[in-house]
Amino acid sequence: MLTINFNPFPDLETDRLILRRVNAGDVKEILMLRSNPETMQYIPRPLLKTDEEALEHIAMIDQKIEANEGINWAITLKDSPKLIGIIGHYRIKPEHYRAEIGYMLLPDYQKRGIITEAVKAVVHYGFNDLKLHSIEAVIAPENIGSAKVLEKNGFIKEAHFKDYEFYNGKFLDSAIYSLLAHS
């Protein structure tokens, strides 16, 4: 079984990005991300409404990191420390050498290859540092942008589950994409 340890926190760097720890100073940007119907369109979770809810979300991120159960990075451009998105490994299953990747980006920064670049760095970290065997992504099948990001990073669509989740009074389908370490 894998031993997961996010201490010290691993900052990641790409050509254009710094992926750093989310902190309380990111409260306004977290609120912008998680209160925006556009960024939350494919994420079946309630919209945040207040700074307090955003701070609670940041505290939940910290708790997962401290417990070595999951990790989120703030996506920032190299020339600015401002959070423009988040990305992370969720639902880490050390016994199966597997984790789920998830991400979101403020609308002003979409369609610039930022998420594709961030996914590449987080996948590299997952396979090389965490020693994962596989990384999966669970997305809404109609989220074509996310599917393209995953495919650019080598992920393969493995499944389409009908009525996979129940949220807000209706059943939602999910598509599962996966990438193996030796791919």
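Modeller: Y97 counts as partly exposed, at 31% relative accessibility. On this scale, buried is under 20% relative accessible area, exposed is over 50%, and partly exposed is in between (1.4 Å probe, protein chains only). Y97 sits in the loop between β4 and β5 (98-105). Strands here are DSSP runs of E with at least two residues; helices are runs of H or I with at least four; both are numbered from the N terminus. The phi of Y97 is positive, near 55°, and Y97 is not a glycine.

Two notes on the source. Residues are numbered from 1 along each chain as its sequence is written, and side-chain values use heavy atoms, with hydrogens and water left out. This is a predicted model, in which local features need pLDDT of at least 70, side-chain atom pairs count only at pLDDT 80 or more, and totals for chains, interfaces and linings use all residues.

Other backbone angles deserve a look. R91 also has a positive phi, near 45°, in a residue other than glycine. R91 belongs to strand β4 (residues 85-93). N68, which follows α2, has a positive phi near 55°. The peptide bond from N7 to P8 is cis, with omega near 5°. P8 lies in the segment before β1 (12-13).

Now step back to the whole chain. The protein chain has four helices and eight strands. In sequence order the pattern is β-β-α-α-β-β-β-α-β-α-β-β. The radius of gyration is 16 Å, close to the 16 Å that the globule rule gives for 183 residues, so the chain is as compact as a globular protein of that length. That radius is taken over C-alpha atoms, and the rule is 2.2 Å times the number of residues to the power 0.38. The C-alpha atoms fill a box of roughly 40 × 40 × 30 Å along the principal axes. Of the 183 residues, 48% are buried. Among contacts (heavy atoms within 4.5 Å) with a separation of 6 or more, 60% join residues 24 or more positions apart.

The largest nonpolar core has 55 residues. Such a core is a set of buried Ala, Val, Leu, Ile, Met, Phe, Trp, Tyr and Cys residues joined through side-chain atoms within 4.5 Å. L19, W73, I75, I87, I101, V119 and F155 have the most contacts inside it. Helix α3 (residues 114-128) gives the most to this core, with nine residues.

T39, in the loop between α1 and α2, is buried at 9% relative accessible area. Beyond four places in sequence, T39 touches M32, L33, M104, L105, L106, P107 and Q110. A polar atom of the T39 side chain lies 2.3 Å from the backbone oxygen of L33 and 3.2 Å from that of N36. A polar contact is a pair of N or O atoms within 3.5 Å; within protein, one must be able to donate a hydrogen and the other to accept it, and residues adjacent in sequence count only if both atoms are side-chain atoms.

T76, in strand β3, is buried at 3% relative accessibility. Its side chain reaches the backbone oxygen of I18 at 2.8 Å. Leaving aside neighbours within four places, T76 contacts R16, L17, I18, R20, P81, K82, L83 and I84.

N143 lies in the loop between β6 (134-139) and α4 (144-152). N143 is buried, at 16% relative accessible area. A polar atom of the N143 side chain lies 3.1 Å from the backbone nitrogen of S146.
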